[in-house]
Amino acid sequence: ENIGKLMGQEISEKTKLQAQIGIAASKFVAGVAALSAATIFTRIVSPGGDKKFLEPFSIELLEVDDEVKEWLRRLGLSSIGQVADLPRSALVEQLGPEGQRVHDLACGIDNSPVRARQKLILLEQEIDFEVPDEDRSRLLAATSLLLGRLTSQLKNRNQVCGQVRLYLNVEHGDGLLVDFSLKIPTDSAQIILNRIKHHL
């Protein structure tokens with residue numbers, strides 16, 4: 001717990017971001033513990049308590065393909081505990097190797113190695129208007145739609161945005177580039193949209 005607190009303090013001092021830290025016997029359980037920890041707080045899952053800790057959490061947290069999650073939803077399963085209660089053999093029979101993995105994760109077993117996440121350089125989304133448009137409110141509505149998609153990807157990666165680039169392809173002329181850095185990196189679509197409104 002002391003190590004977790006020291007890590008949180010150092011992250012905060014160096015990045016000005018608040019850390020949520022989870023400590024557990026496996027990578028997956030530690031990740032869920034971190035997501036459920038309060039800001040600047042270390043959540044520790046004691047050895048042997050992994051399965052019980054995971055029980056109430058949504059199956060959406062399971063690190064498996066979306067098709068597997070959809071299959072589980074069709075069975076009426078919503079919590080990780082419900083998946084853990086299924087016979088492993090039944091899941092393997094229906095889903096093959098993914099069935100074994102989803103059951104292991106639900107029980108708090110994760111033997112996959114810890115790998116550094118690749119630094120994300122650029123996320124892109126674009127939208128085309130069938131007819132050229134000059135209405136600011138419609139441009140902002142389209143921008144809001146794109147930001148929703150982009151910030152969803154950021155949240156899934158537990159990352160934040162530090163720089164925004166908006167390019168408008170102008171009819172019969174050069175494109176318009178809006179490019180700015182955020183003082184505080186964020187994954188909030190509304191905050192980014194407010195800054196775009198200011199620049200547009």
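Here is a quick briefing on this structure, grouped by topic.

This is a predicted model, in which local features need pLDDT of at least 70 and side-chain atom pairs count only at pLDDT 80 or more, while totals for chains, interfaces and linings use all residues. Residues are numbered from 1 along each chain as its sequence is written, and side-chain values use heavy atoms, with hydrogens and water left out. Helices (DSSP H or I, at least four residues) and strands (DSSP E, at least two) are numbered from the N terminus.

**Helix α4**

- Let's start with α4, residues 66-74, where Val68, Lys69, Trp71 and Leu72 are buried (under 20% relative accessible area, with exposed meaning over 50% and partly exposed in between; 1.4 Å probe, protein chains only).
- Looking down the axis of α4, these buried residues fall within an arc of 160°, so they line one face of the helix; the arc is taken from the directions running from the helix axis to the C-beta atoms.
- On the face of α4 turned away from that buried side, you'll find the exposed residues Asp66, Glu67 and Arg74.
- The buried residues of α4 pack against α5 (80-84), α6 (88-95) and α7 (97-106), where contact means heavy atoms within 4.5 Å.
- Just after α4 comes glycine 76, with a positive phi of about 85°.

**Helix α7**

- The buried residues in α7 are Gly99, Val102, His103, Asp104, Leu105 and Ala106.
- Those buried residues of α7 pack against α2 (27-36), α3 (50-54), α4, α5 and α6.
- Glycine 108 follows α7, and its phi is positive, near 85°.

**The aromatic pair**

- Searching the whole structure turns up 1 aromatic pair.
- The partners are phenylalanine 53 and phenylalanine 57: their ring centres are 5.2 Å apart and their planes sit at 50°, so the pair is tilted.
- As for the cut-offs, rings of Phe, Tyr and Trp (its six-membered ring) pair if their centres lie within 6.5 Å, and planes under 30 degrees apart count as stacked, over 60 as edge-to-face and the rest as tilted.
- Phenylalanine 53 is buried, at a relative accessible area of 12%.

**The second largest pocket**

- The volume of the second largest pocket is about 1600 Å³, meaning the space filled by probe spheres set on grid points that are joined across faces, edges and corners.
- A pocket here is an open set of points on a 1 Å grid over the protein atoms alone, where a 1.4 Å probe fits, with protein on both sides within 12 Å along at least five of seven lines; lining residues have an atom within 4 Å of a point.
- The second largest pocket has 41 lining residues, and Gln125, Leu146, Arg165, Leu166 and Tyr167 lie nearest its centre.
- The elements giving two or more residues to that lining are α8 (136-156), β3 (161-168), β4 (176-186) and α9 (189-199).
- By type, the lining splits into 24 nonpolar, 7 polar and 10 charged residues; Ala, Val, Leu, Ile, Met, Phe, Trp, Tyr, Cys and Pro count as nonpolar, Asp, Glu, Lys and Arg as charged, and the others, Gly among them, as polar.

- Threonine 42 sits in strand β2 (residues 41-44) and is buried, at a relative accessible area of 7%.
- Leaving aside residues up to four places away in sequence, threonine 42 touches Glu1, Gly4, Lys5, Ile21 and Ile23.
- Leucine 176, in strand β4, is partly exposed at a relative accessible area of 40%.
- With residues up to four places away in sequence not counted, leucine 176 touches Leu166, Tyr167, Leu168 and Val170.
- Leucine 176 and glutamine 159 are 17 residues apart in sequence and 27 Å apart in space, C-alpha to C-alpha.
- Alanine 34 belongs to helix α2 and counts as buried at 16% relative accessibility.
- Not counting residues up to four places away in sequence, alanine 34 touches Gln20, Ile21 and Gly22.

- Most residues other than glycine have a negative phi.
- Lysine 16 is not a glycine, yet has a positive phi of about 65°.
- Lysine 16 is in the loop between α1 (2-15) and β1 (20-23), and counts as exposed at 64% relative accessibility.
- Serine 46, in the loop between β2 and α3, counts as partly exposed at 47% relative accessibility.
- Serine 46 and alanine 25 are 21 residues apart in sequence and 7.7 Å apart in space, C-alpha to C-alpha.
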